[in-house]
Amino acid sequence: MKNKLSLHVQGENKSIEFDVNHVFNAGYAGSDQEKVQEHIDELVKLGVEAPTTTPILFPVSDYIVSTTSEVQVQHNETSGEIEYVLIWHDDELFVTVGSDHTDRKLETFSVPMSKQAYPNVIAGDVWKYEDVKDHWNQLELICWVTSEGEKKVYQQGTCADLLNPEQWEEHFSKLNVKDDGNMFFSATINTEENTLDFADKYEFELRDPVLNRSIKHHYYVNVLTEPIV
């Protein structure tokens, strides 16, 4: 059964409804390769093998994309990260914000498998890409985390910190990423402290300072009870 999403087009009195076709997650896709290396170093500290090339792009299953406000996980070593998200629908391109919640234990074994373990959470609102294309680099990305009641800024930057959609064209063409119903997660920006937080709550926002609007979403992380084995 297909994963059907209904997302509101901000600024217009309409929604887009579609069956998710294919989902693609990027990695190590920062525009500043020194910062990319810092992020790789963050993950190497956790036992994740460094990539042989950057950026990377891989498919994940269509069912993992969700607008949920709660993610259930198997253990405490999981975390989210802010990303811009592209959606192709009826010959139009839309953009929103999301988080590919990741199993950091599993990531030491396989990055694609770690991304498959939990939902790719997205906001329920989208913008038309054409409306923001001319000021793309000014779009702001900010993520907050809350742990044990304490909230702090976890990540903060702009879309200029990541490869833009045009810079992905060669990779998109190889995997037919731009087919109708497909979704693309951009990879993330560095954390403020260059460390990963295993938080209780993630809040993320995509801000447009030119058109004075924003897309927001949040979700809680709930660790499942211990199994009987």
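Visitor: Are Trp-88 and Phe-172 buried or exposed?

Guide: Both Trp-88 and Phe-172 are buried. Buried means under 20% relative accessible area, exposed means over 50%, and partly exposed lies in between, with a 1.4 Å probe and protein chains only. The model is predicted: local features need pLDDT of at least 70, side-chain atom pairs count only at pLDDT 80 or more, and totals for chains, interfaces and linings use all residues. Residues are numbered from 1 along each chain as its sequence is written, and side-chain values use heavy atoms, with hydrogens and water left out.

Visitor: How are the rings of Trp-88 and Phe-172 placed?

Guide: A pair of aromatic rings is described by the distance of the centres and the angle of the planes. Rings of Phe, Tyr and Trp (its six-membered ring) pair if their centres lie within 6.5 Å; planes under 30 degrees apart count as stacked, over 60 as edge-to-face and the rest as tilted. The structure holds 10 aromatic pairs. For Trp-88 and Phe-172 the centres are 5.6 Å apart and the planes at 90°, so this pair is edge-to-face. Trp-88 belongs to strand 8 and Phe-172 to helix 5, so the pair ties together parts 84 residues apart in sequence. Helices (H or I, at least four residues) and strands (E, at least two) are DSSP runs, numbered from the N terminus.

Visitor: Which pair is stacked?

Guide: Tyr-202 and Tyr-219 form a stacked pair, 5.5 Å centre to centre with 20° between the planes. Tyr-202 sits in strand 16 (residues 201–208) and Tyr-219 in strand 17 (residues 213–223), so parts 17 residues apart in sequence are tied together. Tyr-202 is buried at 1% relative accessibility. Tyr-219 is buried too, at 0%.

Visitor: Which residues do ring pairs link into a cluster?

Guide: The cluster holds Tyr-84, Trp-88, Tyr-129, Trp-136, Trp-168, Phe-172 and Phe-184.

Visitor: Which residues touch the most other members of the largest nonpolar core?

Guide: In soluble globular proteins, nonpolar side chains tend to be buried together. A nonpolar core is a set of buried Ala, Val, Leu, Ile, Met, Phe, Trp, Tyr and Cys residues joined through side-chain atoms within 4.5 Å. Here the largest core has 67 residues, and Leu-86, Trp-136, Trp-168, Met-183 and Phe-184 touch the most other members. Strand 8 gives the most to this core, with 6 residues. Take Phe-184: leaving aside neighbours within four places in sequence, its contacts (heavy atoms within 4.5 Å) include Phe-24, Leu-57, Leu-86, Trp-88, Trp-168 and Phe-172.

Visitor: What is the volume of the largest pocket?

Guide: On a 1 Å grid over the protein atoms alone, a pocket is an open set of points where a 1.4 Å probe fits, with protein on both sides within 12 Å along at least five of seven lines; lining residues have an atom within 4 Å of a point. Grid points are joined across faces, edges and corners, and a volume is the space filled by probe spheres set on the points. The largest pocket has about 350 Å³. Of its 32 lining residues, Lys-35, His-39, Thr-188, Ile-189 and Asn-190 are the closest to the centre. Helix 1 gives the most to this lining, with 5 residues.

Visitor: How does the lining of the second largest pocket divide by class?

Guide: That lining has 6 nonpolar, no polar and 7 charged residues. Ala, Val, Leu, Ile, Met, Phe, Trp, Tyr, Cys and Pro count as nonpolar, Asp, Glu, Lys and Arg as charged, and the others, Gly among them, as polar. The second largest pocket holds about 170 Å³.
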